[in-house]
Every structure is written in C-alpha cells, then in structure tokens.
Amino acid sequence: MSNNNPTNTGRRRFLAGSAAMAGAATTGIGAGSLLASPPAKAVSTDARIVIAGAGAAGISIATRLSRQLDGARITVIDSRETHLYQPGLTLVATGNWTPSKVEDPNTRFMPDGVEWLHDDVVEFNPDNNRVETAGGESVPYDYLVITTGLQLNFDAIEGMDTSLIGREGVGCVYANPDHARRTWEAADLFLDEGRVALFTRPPGPIKCAGAPLKVTMLLEDALQDRGTRSKAELHYLPPGEGLFSQPDINTFLKDYFPSKRDITIDYNHPLVAIDPGRREATFGTPEGPRTLGYDFIHVVPPMSAPDMIRYGDLGWQEGSFEGWLEVDQYSMQHRRYPNVFGAGDVVGTPIGKTAASVKAQAPVVADNVVAAIQEQALPAAWNGYTSCPLITEKGQAMLVEFDFNLDMTPSFAFLDPMKAHWAPWFLKDQMLHAAYNAMLRGRV
Ligand SMILES: Cc1cc2nc3c(=O)[nH]c(=O)nc-3n(C[C@H](O)[C@H](O)[C@H](O)COP(=O)(O)OP(=O)(O)OC[C@H]3O[C@@H](n4cnc5c(N)ncnc54)[C@H](O)[C@@H]3O)c2cc1C
C-alpha cells in the first residue's frame, strides 16, 4: 500500500483547500449538475408540493424549494424522527466510530416554512394527484417529489433476518446504527480468533456499492493490527464477474484483492441461504448450490425500491431498471407523470445511490420543479456524478468519482483516484459529515 504521510506540502495544500473540500466532499464541486443555479429571487406560487421521504434527498430538496419559492405549500412526509448519516455506518461497523455520531434529530434539518407530516406514504395515486398515508390521510398535490430511499430485502435470503445481526458471526453494515454496532461486536470476536470470513454482495443495484468492499478491507487491515491475519481466510463473493461498476477500479480490485490483500474472490456467488446455527452459507453458483462454513459473514441484502413503487404505477414497468422509480436520468422528472420528480436511492438510473449523487441531484430537481411550476422548459440536468471514498485500510482511501459515461471525474488534481492516499481517508473520517449536513441545509 502507498503510505503517504500527512506531513508534506500535499497536506498543506489539502488543508488550505479544506473549505472547498467541505463543499466538494459529498460531491465533486458541483460537477454533477449542469445548469442548476439558484434563481435571483423566489418565485411566487400557491402550488402544493409533497415530498415523500425526509432523508438526504428529501431534506436537501425541501430546503432548496422553500428558498426558491414564495407562497408554496410544501409538505414533507416521513415518520422517522431521527436523521441517519448513513455514510458513517461503515465506520461504526468496523469499530472506528460510535453509533451516536451518525444520528441527529431530523428537526435540526427541517427547513422553516415546511409542514412535516409525521406519517408514512403507503400508496401513490398519480392519476388523482394524491398520496395515501399509513395514518389514513389522503394528501393532494400539484407536484410530487419521491425521495423514500430504497428497501432492504433481507427476506430474499433464506434463513436471514435482522435479529441475527451481531449473533452467530453475522454482520451487516446496512440498515441502521444499531445493526452497524452489532456488526462490530460480531467482527470484534472474529478479529480475536481469525478463521474464515465471508463478505457477500447481492445481485442488482445497491446503495453505496463501495460499502461491502470497504468493510472487507477495513476488517482485513484490523486482522493485521490484532496479529491474527495469518490465522484468517477471507473470501469476497460477488454475484457476477465484476467488483465495481467503474471499469478502472474494477480491474484494480480484481488484482488487488488476491495479490495484495490475500482475499479470495469467488465470482458468481450470490448468497441465497444462511444457516446461522451451523454457521453455513449457501450460494447459488452457475454450477449449482455451494455451501461454505464461516466464522464471520457480512451479509448484504438484495435491495429494491419500496414495494409501493416496485409493484405500483410509478416504477419502470420493464427493462434493466424494472421496479425502480421511472425518471428521466438527466432531468429527474418522471417519464410518464410530468408533475412527479424523484431523487436519491429510489430512482432507476444507470448509476447513483450515493449521498454524493444526491448532492448533485438536489439542485437539479429543485430548479426543474420551479421551472415546471412556471410552465417553462426544464433547465437543469444531472450528469450521473457519483463518488465513493473507497477505504483500503484505516488511514488510507481512494477517492473514486465518475459519471454516466463511467469516466473518472476527479475533483482534486493532486489526488490520483487509482492510488490510496491519506487525504480521502481524512475527508471521510473528518469532513464528509459536515459537508453532508451543509448539503441538507442547501449550502453546497
Ligand atoms: C453503509 C452505507 C455506507 C454509505 N457510504 C456512502 C459514502 O461513503 N458516500 C456516499 O456518498 N454515500 C454513501 N452511502 C449512501 C447514502 O447514504 C445514500 O445514497 C443516501 O442516504 C440516499 O438518500 P435518500 O434520501 O435517497 O435515502 P435515505 O437517506 O435513506 O432517506 C430515505 C427517507 O425516506 C423515508 N421513507 C422511507 N419510506 C417512506 C415512506 N413510505 N413514506 C415516507 N417516508 C419514507 C425514510 O424514513 C428516510 O428518512 C452509504 C449508505 C450506507 C447504507
């Protein structure tokens, strides 16, 4: 591994640019959105806007719309009181952060002048411009923004349920801070003993596709620190032939895992069943089911849009994004319902599903909703910008940024995206959370 110490001119340059960095940290310095810009003055309207979901995308868009519009009735619907900073879960699950670092009351971020309905949407009714809630309300809208995030389908793995996380050697970084904390408890025991660890990855799109890779590399590094690496056997089991969507990083990882980290890659191994009592996992390989024993397993569940979209009118009805919200990948407008927009993990686009993508999408959606209200052509477009601080070990990461063309779009000339460096680790560990909060407040 490269081991660039933070004691040189690179560090000074890095820190000197830290203000810009904070803005860039979840993003790529605005590289992800074309033409999106705040209007000179708020547009007067009495439009009713409903935003379904108050996570990264929902809050960021609500904040922007509340500033860009004057007189609009903006209703945000979400029953969750706590805002989760999900990019921090990887650090919780590997013992680097405490769970409390990733939780905040959502009241901290809800913009003034927005009505927060503490409820859940159970049905979208786009033909009648209404959403139905679990609490029995039928909420009418003129414009709808869908930002519900995605659904974790643990039940697609036979024998798996979330109560297992933290027991019988089972971990899962996804879902919530408590699961991440329990994952660390299970991983911690494994690190003491070594033996066999399996790191899974489901078929289909997942949020932060780097997270399963980061967990693998951080725990491999932790074994080295504990002095138990020689007693451990690590397997990374992707569902197909690839490890990462960006081709240069994919090629790098396919060599780096086996040759530099002694991690075996078992291709074409989607996890289909787990038997926690026996500590066995079964994979559906092209040659038929294959069962492997484990001492620690990191389970990543298949993911989908929430069922009401997956099986409803608003999802793609066919094709490679089937079941995900059917938006135009540039304007983020629904392709069949022009008064519906979407952002974040729920959308069916070629890449995305990161907070970095949300940072680029939020101004696009806000500008385009404002234009739609004014019956103008939609001015803004997302270019697919996404990013991943791919942690290779504690203190080192590669800052991988790319767009719809899968071309690298590095934000910092002095950082080679193909090399691990201390600066992206510093970014992830120390700066991204502040940048994420700034995104929620519409400041970056
Ligand atoms: C382990 C992990 C590591 C990650 N690491 C990174 C990283 O390093 N960099 C990065 O950029 N991104 C990372 N991400 C991804 C990032 O957190 C997500 O892409 C981002 O949070 C997506 O925002 P969202 O608003 O679409 O969804 P969320 O932030 O998940 O918010 C969705 C909201 O919708 C609400 N909701 C759900 N259903 C309903 C309903 N029926 N009615 C009303 N409200 C509903 C939920 O309560 C929630 O508040 C990571 C994610 C995880 C899990």
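The model is predicted: local features need pLDDT of at least 70, side-chain atom pairs count only at pLDDT 80 or more, and totals for chains, interfaces and linings use all residues. Residues are numbered from 1 along each chain as its sequence is written.

Helices (H or I, at least four residues) and strands (E, at least two) are DSSP runs, numbered from the N terminus. Two strands pair if DSSP finds at least two bridges between them.

**First stop.** Select the five strands of the open sheet E8-E5-E3-E12-E23, where pairing is parallel. Its edges are E8 (114-117) and E23 (340-342), each pairing on one side only. Neighbouring strands are turned by 20° against each other on average, direction ignored. Axes are lines fitted to C-alpha atoms, for helices over the stretch in contact; angles run from 0 to 180 degrees between N-to-C directions.

Now pick E12 (residues 143-146): three bridges join E12 to the parallel E23. Find Ile-146, opposite Gly-342 in E23.

Helix H9 touches E3, E12 and E23, and makes about 165° with E12. Contact means C-beta atoms, placed from the backbone, within 7 Å. Then show H3 (residues 56-68), which lies across E3, E5, E8 and E12 at about 170° to E5.

**Second stop.** Select the open sheet E14-E21-E15-E16-E17, five strands with parallel pairing. E14 (170-171) and E17 (263-265) each have a single partner strand, so one side of each lacks a neighbour in the sheet.

Zoom to E16 (residues 232-237), joined to the parallel E17 by three bridges. Leu-234 faces Ile-263 in E17 across the pairing. Finish on H7 (residues 247-261), lying across E16 and E17 at about 145° to E17.

Key. Two residues are in contact if their C-beta atoms, placed from the backbone, lie within 7 Å.
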